[in-house]
Amino acid sequence: MPQIQLTPAQRKVHRAAAHHLDPVVMVGGEGLTAAVKKEADAALNAHGLIKIRVFSDDRSARERMYQTLVDELGAAPIQHIGKLLILWRPQPEKEKVIDEDRMAGPRDFKVLKYSKRGGQRPEVKTLRVLGNQRLTAGGKVKRAKPKPQTSVKKRSQT
């Protein structure tokens with residue numbers, strides 16, 4: 001796969017975003033194995049921006065690993081600092097599955113109840129409203145009104 005070319009400004013943004021990340025892939029004494037490449041590929045698909053820790057003391061070996069990962073995974077090299085390698089690849093678009101049978105789930109609403117005395121703080125309540133319920137203006141939960149049943153005669157006319 002060809003490696004992704006980034007501008008210095010884009011690389012700087014990714015370096016800043018990777019600062020707080022923990023390494024998700026560790027390369028041990030065996031070096032760059034197929035399992036390590038597979039895990040790095042899975043991590044790039046899941047996160048997009050990853051840190052890889054290499055436990056080797058040989059700097060030239062780490063640089064070769066870095067270039068191999070960049071070339072084989074089609075990622076952009078962001079930074080190689082010490083034993084940490086930072087790679088970035090745009091995440092693939094996820095397919096959104098639409099389920100027509102799905103009903104509305106519960107929703108949480110915050111309701112403020114003001115005190116009759118002016119100087120006190122309002123009481124905050126979190127209410128969970130289910131799919132067949134509604135919240136009234138007074139902050140109470142009521143069942144939604146059922147659909148009115150139509151007669152057999154009206155159903156046959158439509």
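Visitor: Hi! Is Asp108 buried, partly exposed or exposed?

Guide: Asp108 counts as partly exposed, at 46% relative accessibility. Keep in mind that this is a predicted model.

Visitor: Which side chain does Asp108 meet in a salt bridge?

Guide: That would be Arg128, with 2.9 Å from N to O. Arg128 lies in strand β6 (residues 123-129) and Asp108 in strand β5, so the pair ties together parts that are 20 residues apart in sequence. Arg128 is exposed, with a relative accessible area of 54%.

Visitor: And how many salt bridges does the structure hold?

Guide: Five. One of them joins Asp41 and Arg89, whose side chains meet at 2.7 Å, N to O. Asp41 belongs to helix α2 (residues 34-47), while Arg89 sits in the loop between β4 and β5, so this pair ties together parts 48 residues apart in sequence.

Visitor: Is Arg89 buried or exposed?

Guide: Arg89 is buried, with a relative accessible area of 10%; the cut-off for buried is under 20%. Asp41 is partly exposed, at 28%.

Visitor: What about Lys83, what does it form a salt bridge with?

Guide: With Asp57, and the closest N and O atoms are 2.7 Å apart. Lys83 is in the loop between β3 and β4, and Asp57 in the loop between β2 and α3, 26 residues apart. Lys83 is partly exposed, with a relative accessible area of 30%, whereas Asp57 counts as exposed at 65%.

Visitor: Changing topic: what is the strand order in the open sheet of four strands?

Guide: The order is β1-β2-β4-β3, and the pairing is mixed. β1 (25-27) and β3 (76-81) are the edge strands, each pairing on one side only. On average, neighbouring strands of this sheet are turned by 20° against each other, direction ignored.

Visitor: Which strands pair parallel, and which antiparallel?

Guide: β1 and β2 pair in the parallel sense over three bridges; there, Met26 has Arg53 in β2 as its bridge partner. β3 and β4 (residues 84-88) pair in the antiparallel sense over five bridges, and Ile81 stands opposite Leu84 in β4.

Visitor: Which helix packs on the sheet?

Guide: Helix α3 (residues 59-73) does, touching β1, β2 (49-54), β3 and β4. The direction of α3 makes about 165° with that of β3. As for β2, five of its six residues are buried.

Visitor: Last one: which residues form a nonpolar patch on the surface?

Guide: Phe109, Leu135 and Val141, with about 200 Å² of accessible area together. Phe109 lies in strand β5 (residues 107-113) and counts as partly exposed, at 33% relative accessibility.

Technical notes. Residues are numbered from 1 along each chain as its sequence is written. This is a predicted model: local features need pLDDT of at least 70, side-chain atom pairs count only at pLDDT 80 or more; totals for chains, interfaces and linings use all residues. Side-chain values use heavy atoms; hydrogens and water are left out. Two strands pair if DSSP finds at least two bridges between them. Helices (H or I, at least four residues) and strands (E, at least two) are DSSP runs, numbered from the N terminus. Axes are lines fitted to C-alpha atoms, for helices over the stretch in contact, and angles run from 0 to 180 degrees between N-to-C directions. Contact means heavy atoms within 4.5 Å. Patches are made of residues with over 30% relative accessible area and no salt bridge: like charges are joined within 9 Å, nonpolar side chains (Val, Leu, Ile, Met, Phe, Trp, Tyr) within 5 Å. Accessible areas come from the Shrake-Rupley method with a 1.4 Å probe; for residues, only the protein chains shown count as cover. A salt bridge is a side-chain nitrogen of Lys or Arg within 4 Å of a carboxyl oxygen of Asp or Glu. Buried means under 20% relative accessible area, exposed over 50%, partly exposed in between (1.4 Å probe, protein chains only).
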